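Here's a quick briefing to read alongside the model. Have the sequence and the 3D view open as you go.

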Amino acid sequence: MAKDEIAYLGSDTVYEGKLHFKGTVRIEGKYNGEIVSEGTLNVGKDAQVTGTLDVGELLLSGRFNGEVTARRRVVIYGSGILEGHVQTPVLLTEEGGIIEGQVSMQSSGKVKA
């Protein structure tokens, strides 16, 4: 577990329900449900997450299926697969990362010239 992570759900973990946290949580196993946080959710390479996310930041290396609202940003790494709806002001996708669904990017408040 990295020093900035407050919780780690390992690869043998299967969890269903609601998760609320502050800081950073890393999931390596299977999760089905709702996650709410102003912090960072880190979905590991072998993780499978299904449900609704309302987080500050999503770092996706594994598979996510559902609806994501990220207040700061979503990062999809080369091994990441996101299926569903994403709403975020900043979206970064590495080569190989997959998005299947709808993306909505709200304004960051900058005035267009």
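There are five salt bridges in this structure, a salt bridge being a side-chain nitrogen of Lys or Arg within 4 Å of a carboxyl oxygen of Asp or Glu. Keep in mind that this is a predicted model, where local features need pLDDT of at least 70, side-chain atom pairs count only at pLDDT 80 or more, and totals for chains, interfaces and linings use all residues. Residues are numbered from 1 along each chain as its sequence is written, and side-chain values use heavy atoms, with hydrogens and water left out.

**Salt bridges**

- D54 pairs with R71, and their closest N and O atoms sit 3.0 Å apart. This one links distant parts of the chain: D54 is in strand 6 (residues 48–60), R71 is in strand 7 (residues 63–76), and 17 residues separate them.
- D54 is partly exposed at 27% relative accessible area, and R71 is partly exposed at 41%. The cut-offs here are under 20% relative accessible area for buried, over 50% for exposed and in between for partly exposed (1.4 Å probe, protein chains only).
- R73 and E57 also meet in a salt bridge, at 2.3 Å from N to O. R73 lies in strand 7 and E57 in strand 6, so the pair ties together parts that are 16 residues apart in sequence.
- R63 and E83 form another salt bridge, with 3.4 Å between the closest N and O atoms. Here R63 of strand 7 is linked to E83 of strand 8 (residues 81–87), 20 residues apart.

**Strands and overall numbers**

- The protein has zero helices and 10 strands. Helices (H or I, at least four residues) and strands (E, at least two) are DSSP runs, numbered from the N terminus.
- Buried residues account for 38% of the 113 residues.
- Accessible surface comes to about 6,500 Å², with 48% of it belonging to carbon and sulfur atoms. Those areas come from the Shrake-Rupley method with a 1.4 Å probe; for residues, only the protein chains shown count as cover.
- Of the contacts with a separation of 6 or more, 3% are between residues 24 or more positions apart. Contact means heavy atoms within 4.5 Å.

**Nonpolar core**

- The largest nonpolar core has 21 residues, and those with the most contacts inside it are I27, I35, L41, L53, L58, V68 and L82. Such a core is a set of buried Ala, Val, Leu, Ile, Met, Phe, Trp, Tyr and Cys residues joined through side-chain atoms within 4.5 Å.
- Which strands each supply at least two residues of this core? They are strand 2 (14–21), strand 3 (24–27), strand 4 (30–37), strand 5 (40–43), strand 6, strand 7 and strand 8.
- Not counting residues up to four places away in sequence, L53 touches I35, L41, L58, F64, E67, V68 and T69.

**Aromatic pair**

- A search of the whole structure turns up one aromatic pair. It consists of Y15 and Y31, stacked at 5.2 Å centre to centre with 15 degrees between the planes. Rings of Phe, Tyr and Trp (its six-membered ring) pair if their centres lie within 6.5 Å; planes under 30 degrees apart count as stacked, over 60 as edge-to-face and the rest as tilted.
- Y15 is in strand 2 and Y31 in strand 4, 16 residues apart. Y31 is buried at 2%, whereas Y15 is partly exposed at 33%.

- T88 is in the loop between strand 8 and strand 9 (91–93), and T88 is buried at 0% relative accessibility.
- A polar atom of the T88 side chain lies 3.1 Å from the backbone oxygen of A70, and the T88 side chain reaches the backbone oxygen of V90 at 3.2 Å.
- Leaving aside neighbours within four places in sequence, T88 is in contact with A70, R72, R73, V74, S104, M105 and Q106.
- L92 is in strand 9 and is partly exposed at 39%.
- L92 and V75 are 17 residues apart in sequence and 4.7 Å apart in space, C-alpha to C-alpha.
- With neighbours within four places in sequence left aside, L92 is in contact with R73, V74, V75 and I76.

Note on methods
Polar contact = N/O pair within 3.5 Å; in protein donor to acceptor, adjacent residues only side chain to side chain.
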